[in-house]
Amino acid sequence: MRIAVTGGAGFIGSHTAAALAEAGHYPIVIDDFRNSKPFIIDRLKTLCKGKLSFHEADCNDRDKMAGIFEKEQPEGIIHFAAYKAVGESVRHPLMYYRNNVGSLLTLLELQKHYGIEHFVFSSSCTVYGVPDELPVTESSPVKKAQSPYGFTKQVGEQILFDLQSASTPMRSVILRYFNPIGAHSSALIGELPLGEPENLVPYITQTAAGIRKELTIFGQDYETPDGTAIRDYIHVMDLAEAHVRAIAWLAESEEKASAEVFNLGAGRGSSVKEVVATFEEVSGVKLNYRYGPRRPGDVPAIYANADKARKVLGWAVQRTLSDALRDAWHWQQQIHGLPV
Ligand code: UFG
């Protein structure tokens, strides 16, 4: 199938474009490089053996997006393009609502206009807030959002639920990502934070590479076995392959499947300390770190029950935390010194 991948130069988007091509689909990558770099597209073309097209565009630019859809005739859209930094969203809420909600509305209107049948929406485990029970399932309650970023994901989901209730002729899935890490095994593409990383694994790999002086572990007094916060880390290629399964499932399902929600996690919680220790083990590098206070807005622990994705989509993670950290380290070593 011809699949539009918005934000396809970004971390999850680029790996999904590679997985789509690997599965025989044709990715139509759309990105405006506001949070990514053009060389990723060159690398993707190599990985996909040229079987993809690329358009530089802002998803909020309706006319430009309409032109792309007219030319490319996609049969499905996977919508990654969005801002994703929790702290930044607190400082710039309007920017987040305009971009994240605005681009979703534009895409859904164009989808209706062009009769594009399949839609995949990138959501986040952030919708669960501080969960009452672990692991979280898709029916765990959605809690009041802790940040404008989190609310843009809740609003996005609600828009898709409302379209379902209105019997809009489209099939959609909502994928709630846990913590994607790692890189493509080729080390041609990976996570490329611009400026100082917000997320744990790029901070670890940049510290190990000598770009950052030390990692600060945020909080050592959580009610967890070792006192550090617990997350469900998932290899980005496992996550990417779930999108390929989701598209196949939408195309296969006889009855109208709409706004179906899936958790995408490894189903295993790892503490920050465990991640650091595993990284040291697979890289052979002793990491410089210290403990600091808790980061505002962080939940103590969250991990997924991903049984629904396994049963319905026939998907399961294939890679371990060690695999992901090894791949992230290879990628870091490979880009070190590149002018990015
Ligand atoms: N952490 C550190 N030091 C750092 C960076 C992170 O100790 O320098 C810790 C955090 O406190 C947290 C864990 O590492 O306990 C993971 O933090 P990340 O920033 O990598 O990931 P988050 O779980 O905070 O964020 C992810 C996604 C968000 C999403 C959020 C929902 O990146 O998009 O999950 O919980 F909103």
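Which residue of β2 is the bridge partner of Arg2? The model is predicted, with local features requiring pLDDT of at least 70 and side-chain atom pairs counting only at pLDDT 80 or more, while totals for chains, interfaces and linings use all residues. Residues are numbered from 1 along each chain as its sequence is written, and side-chain values use heavy atoms, with hydrogens and water left out.

**View 1. The pairing of strands β1 and β2.** Strand β1 (residues 2-6) runs parallel to strand β2 (residues 26-31), and 5 bridges join them; strands are DSSP runs of E with at least two residues, and helices are runs of H or I with at least four, numbered from the N terminus. The bridge partner of Arg2 in β2 is Tyr26.

View 2. With parallel pairing, 7 strands form an open sheet in the order β3-β2-β1-β4-β5-β6-β11, where two strands pair if DSSP finds at least two bridges between them. Because β3 (53-56) and β11 (260-264) stand at the edges with a single partner strand each, one side of each is left without a neighbour in the sheet. Helix α1 (residues 11-22) packs on the sheet, touching β1, β2, β4 (76-79) and β6 (171-177), and its direction makes about 165 degrees with that of β2. Helix α5 (residues 93-114) also packs on the sheet, where it touches β1, β4 and β5 (118-124), its direction making about 165 degrees with that of β5. Contact here means heavy atoms within 4.5 Å, and angles run from 0 to 180 degrees between N-to-C directions of lines fitted to C-alpha atoms, for helices over the stretch in contact.

**View 3. The shell around the ligand.** The ligand is surrounded by 21 residues, of which the closest are Leu200, Thr216, Arg231, Arg295 and Asp298; a residue belongs here if one of its heavy atoms lies within 4 Å. A nitrogen atom of the ligand is 2.7 Å from a polar backbone atom of Thr216, an oxygen atom of the ligand is 3.0 Å from an N or O atom in the side chain of Asn199, and a polar side-chain atom of Tyr149 lies 3.2 Å from an oxygen atom of the ligand; such polar contacts are pairs of N or O atoms within 3.5 Å. The largest share of the shell, 4 residues, comes from β8.

**View 4. Backbone details in two loops.** In the loop between β5 and α6 (148-165) lies Pro135, and the peptide bond from Leu134 to Pro135 is cis, with omega near -5 degrees. Lys49, in the loop between α2 (39-47) and β3, has a positive phi near 50 degrees.

Definitions and conventions:
A polar contact is a pair of N or O atoms within 3.5 Å; within protein, one must be able to donate a hydrogen and the other to accept it, and residues adjacent in sequence count only if both atoms are side-chain atoms.
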